[in-house]
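Let's take a walk through this structure together, one piece at a time. Keep the sequence and the 3D view open as you read.

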Amino acid sequence: MVDFSLAVEKGERLTILGHSGCGKTTVLRLLAGFVAPDAGTIVLHGERVSAEGKILKDPEERNLGMVFQDLALWPHLTVSSNLEFGLRARGVPRREREERVRGMLQLVQMEDRARARPAELSGGEQQRVALARALVLEPLALLMDEPLSSLNLELNLRLRREIVRLQEELGFTLLYVTHSREEAFEIGTRVLVMEQGRVERIGSAAEIRAGIKELRN
Amino acid sequence: MGRRATLTLAVLVLAAVGLLPLAGMLGRSLVVEGRLSLASYEGLLASGRQWTLVRHSFALAAWTTILATAAGLPLGILLGRTDLPLRHVFVLLFSIPLAAPPYVTAVSWLAILGRQGLLATSLGPAVAGWTATQFFGLPGCALVLVATFLPIPMLLAMVHSRTVNPRLEEAGRLVTGWTEVLRRITVPLILPGVLLAATLVFLLSLGEFGVPMYLRYDVFPVESFTQFSAFLNFGAATAAAAPLAVVTFVLLGLEWGLLRREIRHIQPRPEGEAPPQIALGKARRPVFCAVTALGVLLVVLPFAALFIQSASPGVYLEALTRAADSLLRSLTYAALGASLLVLLGGLLGYLIHTRALPFWRGADLMTLLLFAMPGSVLGIGLVSLWNRPGTSFIYATPVIILLGYLAQYTALTSRITVGALAQIPAAMEEAAQVAGAGWWRRMVWIVAPLARQGLMAAWLVAFIFCLRDLGISMLVYPPGRDTLPVRTFTLMANSPAHLIAALCVILIAATLVPLGLLGMIWKRSGGFRGSA
């Protein structure tokens, strides 16, 4: 990535749109702290978390949630244990853990599948669990890496609306990576278009959509 | 011959070489003076001595398994996943005891802890007297076998931990540190591999007879060997081997039936993506010191003592005079055995990888069962089957040793082949098939060249295991055709310690060369991904 500069407002929904290999997943991995930038700085809530090839704050200290492209649900844990894992790591007392897990599963309409293993769930159910696992920790921001790319169109459309509903209800900051224009415009209030590791364009969903139409004409 | 016929033939060859002797041995033990009888088994658990053997055998196997797994699992993860310096060197260092016959490690330790050992000269005879007393018994046997079998859980943990999908670990890293991620995500995911390693260590310890015999600790394999070679009591030898065979069947059956069902729907690591390396940070230096200390204690110290004890050109000259013929034979048999093992294991590995025949799972289990079967049991079975007037061309020649190698070690080459084939896209063979190439042509021109690094590794591993073999060779070697491990072991009873030390050093040197080559291939291939 070169000359990449981005500021995200609290509570906004930003989608990052680009072809595969353009570096959009790298943006999320840099933010999460899995990789360090060769140059430049990453600031979260006013605090430098990565700078010049160094990770200053480990991923678990950044309070970010992430939904991976392949979801990465832990196959050996039940749905509720998948949600509980992070809460337990943060020392949340048992009673509170159980309440938060139950509440989050209700929110994503999965309360009746709490004891199931990920392999026993449908694709759509797995998406909901991955989302719930990230949100149960009440993160500063939620990073989503093409989470709907493997779903059929009907499920994809339904879950897009679900993600927007949850974001509006809970008010978390959302960074959503996709290669689908429709997804980007439907989910994002702001859209960033990436090309070969650079910011090609950034603006409201309506502005970017209009710009693309102009180019076509 | 087409694909189905060749693969079926390979399975039948292994069954004939490995299972038939076991069946023959069982049958022969049930016939006493021409009649069907259980007389050989009647005294099996009737006397107090038999119960002592049971207690000793299981105590040794259990302690070895617990200690080797407890040390091997974290060591494997440290060497496979972290930024610890000199990881390749450590992998080779810890693997050395596995590459030598276990009794060589026992001889090495005796050079330190024995009454005339290094400890006696440095700390006095009183301390050495106590350590020698402890060494001849369960603690000594467990120490030697832990050092010998530690590489099994270590290597399996290394390979398996590198195949876990990094996303599963990263999802954990968002909320907690690496220690907790390894404990609650990585290790549970690789648990089937760890338990397989523990099962193998348990069975190999249970079947080991060289070390307990040398350290005078009565266990079933020693009893079986003594009954067979000293008293020529075939029935009693088989009866003493029966508990080992039964335990091997039961444990592998459990491993197969329960653990395989428990294998989760693990999303494998995406092709071409390296597993994330764990930065040890401030812990790097202390962890490096701890691993170095363990390596020095378990490997460097005992083997250095062996070198010191034999440090004289005259001793080596004498050792070579007494055992040069055995050394040459060992190298020849090991090279022939390794070549046959690559052929048979390669075919079976292909069968297991492609699942080309409905009984591929049975073939995989058969290789594992024979690998875990004590060498002495297989040896008695081979003698029982081939010691007949019409088959002296097998029984009275080195062919019987090669058959023993094939029976015991095919699991190694088949498993490594499976790992090598997993790295070749199926489309490679399919493209050749579409182009009109028959199966053999595809094997020879496409699959084998693409899997050459894995096949070379398989040959070297097989060579090392054939070279170090004692359990089978000791029982089946024809007169005047002994191998170096057998010659050394038989000389141990009445030869000076420095001569035995020199023979052990020669044996280690013979295995270090292929081990070094293996390390080079390992480094070049990036660790034979998924080879376990």
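Start in chain A, where Arg190(A) has Ser204(A) in S9(A) as its bridge partner. Before going on, a word on the ground rules: this is a predicted model, in which local features need pLDDT of at least 70, side-chain atom pairs count only at pLDDT 80 or more, and totals for chains, interfaces and linings use all residues. Residues are numbered from 1 along each chain as its sequence is written, while chains are lettered from A and ligands numbered from 1 in the order in which they are written.

S8(A) and S9(A) pair in the antiparallel sense, over six bridges; two strands count as paired if DSSP finds at least two bridges between them. The two strands make a hairpin with two residues between them, and Gln196(A) in the turn has a positive phi of about 45°.

Now zoom out to the sheet. It is an open sheet of six strands in chain A, in the order S5-S6-S7-S1-S8-S9, with mixed pairing. Its edge strands are S5 and S9 (198-204), each of which pairs on one side only. On average, neighbouring strands are turned by 15° against each other, direction ignored. Angles here run from 0 to 180 degrees between N-to-C directions, and axes are lines fitted to C-alpha atoms, for helices over the stretch in contact.

What covers S5(A), on one face or on both? Both faces are covered, with Leu64(A) and Met66(A) buried on one side and Gly65(A) and Val67(A) buried on the other. Buried means that 20 or more other C-beta atoms, placed from the backbone, lie within 10 Å of the residue's own; 12 or fewer makes a residue exposed, and anything in between partly exposed.

Helix H1 (residues 24-32) of chain A lies across S1, S5, S6, S7 and S8, running at about 145° to S6(A). Helix H4 (residues 123-135) of chain A packs on the sheet as well, touching S5 and S6, and its direction makes about 170° with that of S5(A).

Asp58(A) counts as partly exposed because it has 16 C-beta neighbours inside 10 Å. From Asp58(A) to Ile212(A) is 154 residues in sequence and 38 Å in space, C-alpha to C-alpha.

Next, the meeting of the two chains. Here 20 residues of chain B are in contact with 19 residues of chain A, contact meaning that the C-beta atoms of two residues, placed from the backbone, lie within 7 Å. On chain B's side, the elements that give two or more residues are helix H10 (166-173) and helix H11 (178-189). H10(B) has the largest share, six residues. By class, chain B's side divides into eight nonpolar, six polar and six charged residues; Ala, Val, Leu, Ile, Met, Phe, Trp, Tyr, Cys and Pro count as nonpolar, Asp, Glu, Lys and Arg as charged, and the others, Gly among them, as polar.

H10(B) itself is mostly covered, with six of its eight residues buried. Among them are Arg167(B), Leu168(B) and Glu169(B). The buried residues of H10(B) pack against S5 and helix H2 (79-89) of chain A, together with H11 of chain B.

Finally, look within chain B at two helix pairs. The axes of H3(B) (residues 48-81) and H9(B) (residues 151-161) come within 7 Å and cross at roughly 40°. That makes H3(B) oblique to H9(B), since angles under 35 degrees count as roughly parallel, over 145 as roughly antiparallel, 65 to 115 as roughly perpendicular and the rest as oblique. The other pair is H17(B) (residues 313-354) and H26(B) (residues 484-491), whose axes come within 7 Å and cross at roughly 145°. In this contact, Ala323(B), Ser326(B), Leu327(B) and Ser330(B) of H17(B) meet Leu484(B), Arg487(B) and Thr488(B) of H26(B).

Definitions and conventions
Helices (H or I, at least four residues) and strands (E, at least two) are DSSP runs, numbered from the N terminus.
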